Amino acid sequence: MALWGGRFKEKASVQFKKFNDSLPVDYRMAVQDIVGSIAWAGALNQVGVLSDDEVARLESALLELKASVEENPKQILLSDAEDIHSWVEVQLIEKTGDLGKKLHTGRSRNDQVATDLKLWCKETGGELLIALVNLQQALMNLAERESNTVLPGYTHLQRAQPVTFGHWCLAYVEMFDRDIGRLKDSLYRLDVSPLGSGALAGTAYPIDRDKLAQNLGFRAATLNSLDAVSDRDHVIELLSTASISMMHLSRFAEDLIFYNSGEAGFVEMSDLVSSGSSLMPQKKNPDACELIRGKAGRVFGSLTGMLTTMKALALAYNKDMQEDKEGLFDALDTWQECMEMATLVVEGLKVNSARTLAAAQQGYANATELADYLVSKDIPFREAHHIVGEVVLAAIDKGVPLEDLTLTQLQAFSDKIEQDVYQHLSIESTLDKREALGGTSRSQVQKAIAQMQKGQTIQ
Ligand code: ARG
């Protein structure tokens, strides 16, 4: 049964009905629609539209419906109702007869859907925050375990300077920390109730909208009914937060895919998150990470889709906006699943510290140290940089690392070089020197872990 038959002479075509219906997507907001309906019944009672007895009967029917939906949400999909709002109303009328028909007084599906979706976002946002924190925790545990493991650091995918594996882990903890900040921000901004805005002009009943918002757990009520029913900023903000975080996850995945490659051999992923090849028996592929990397694209797609849907849309509600949920639900599901998968990857990761150390020792990753050494001997950095460039060229020519050049060979480039140069060229000294805030020295990484564990972040 549709909620709006009176003005029509003919029934909608089957094809149009299928095109127009949103139940297969918005059934996920059933609980929110019921909770919103209970609050609305209370508000109608306050303004004398519903008696105490009526509101009590409606409430108990709605609570019964809520319990049934929580137990089996898929039952909703068997119905041919247009959307979740229609479904709840039809169920209510089935349970309470004519009384159920009173509930929609002064309310529109336009303020209803905006409210339901915000309630849904608030709840889902809580789960996403937990997934982010769990992933950070797994990375911090790995950072702790691998705080002494040397890893070649790259720029341009060329070995640049050594870092520790722990430092690499903490880089991602920082990124996910900013994601947490963005998520909390979006959740704060969306925490404003549109209920009582009517279709677009406001409700004709003297509802105390502040109280209604409070009853629903919102921090405030929206101030402009036109904006309230047509605002989907929160959908875009959440999609944008999810996109930025998926971008972080895709970089994390890409780093690990490279570290896991036969060529690098820095890490091995657990069997729990890898798969094999149907033809090549030796293969063990980093599928979890490849899928995380790939799924970033589809989350970005939802963001672009929603921005495009909302662009130049006239006030107030338009049916275009019904397109908001499919992309949002999919993007947030995907984001959450990817975070959970990344956590599993981190928890099962084996690091081959002999390989990472060997790689860090190659590629002249200590060239900056030699330049800094010359600076300590009063040579201006730019000049030191040039001298070391020449030393590197000579070492490449001889096929040896810098530390294998003899003192005489080194002194040919600068007479300031002395025996103590060799200790400056060691990986140990390279790491230990980077003690300033944010650096890769072991003591800094330990400090950073301790601070993060205590939740002391910049966010
Ligand atoms: N199903 C719609 C949506 O998701 C809500 C209904 C609003 N419909 C309307 N005719 N005003 O946006």
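**Ligand shell and fold of the predicted model**

The largest share of the shell around the ligand, three residues, is contributed by helix α6. The structure described here is a predicted model. The ligand is surrounded by Ser 22, Asp 26, Asp 83, Arg 109, Asn 110, Val 113, Tyr 317, Met 321 and Gln 322. By residue class, this shell divides into three nonpolar, three polar and three charged residues.

At the level of the whole chain, the protein contains 19 helices and six strands. Its radius of gyration is 30 Å, well over the 23 Å that the globule rule gives for 459 residues, so the protein is more spread out than a compact globule. The C-alpha trace spans about 100 × 55 × 40 Å along its principal axes. Of the 459 residues, 39% count as buried. Among contacts between residues at least 6 apart in sequence, 76% join residues that are at least 24 apart.

Helix α5 comprises 13 residues, 84–96. At 1.5 Å a residue, α5 should span 18 Å, and this agrees with its end C-alpha atoms, which are 18 Å apart. Buried positions in α5 are Ile 84, His 85, Ser 86, Trp 87, Val 88, Glu 89, Gln 91 and Leu 92. These buried residues pack against four helices, namely α2 (23–26), α3 (30–46), α4 (52–71) and α6 (109–145). The helix α6 that takes part in this packing is also the element that gives three residues to the ligand shell. Just after α5, Gly 97 adopts a positive phi of about 65°.

Strands β1 (residues 150–155) and β2 (residues 158–164) pair in the antiparallel sense over six bridges. Within this pairing, Val 150 stands opposite Thr 164 in β2, and Pro 152 has Pro 162 of β2 as its bridge partner. The two strands form a hairpin with two residues between them. In the turn, His 156 has a positive phi of about 55°.

Ala 312 has a positive phi of about 65° although it is not a glycine. With 5 C-beta neighbours inside 10 Å, Ala 312 counts as exposed, because the limit for an exposed residue is 12 or fewer.

A positive phi in a residue other than glycine also occurs at Tyr 364, where the value is near 55°. Tyr 364 lies in the loop between α13 (353–361) and α14 (367–376). There are 18 other C-beta atoms within 10 Å of Tyr 364, so this residue is partly exposed; a buried residue would need 20 or more.

Note on methods: Residues numbered from 1 in each chain as written. Predicted model: local features only at pLDDT ≥ 70, side-chain atom pairs only at ≥ 80, totals over all residues. Expected span 1.5 Å × (residues − 1). Contact = placed C-beta atoms within 7 Å. Rg over C-alpha atoms; globule rule 2.2 N^0.38 Å. Near = placed C-beta within 6 Å. Nonpolar A, V, L, I, M, F, W, Y, C, P; charged D, E, K, R; others polar. Pairing = 2+ DSSP bridges.
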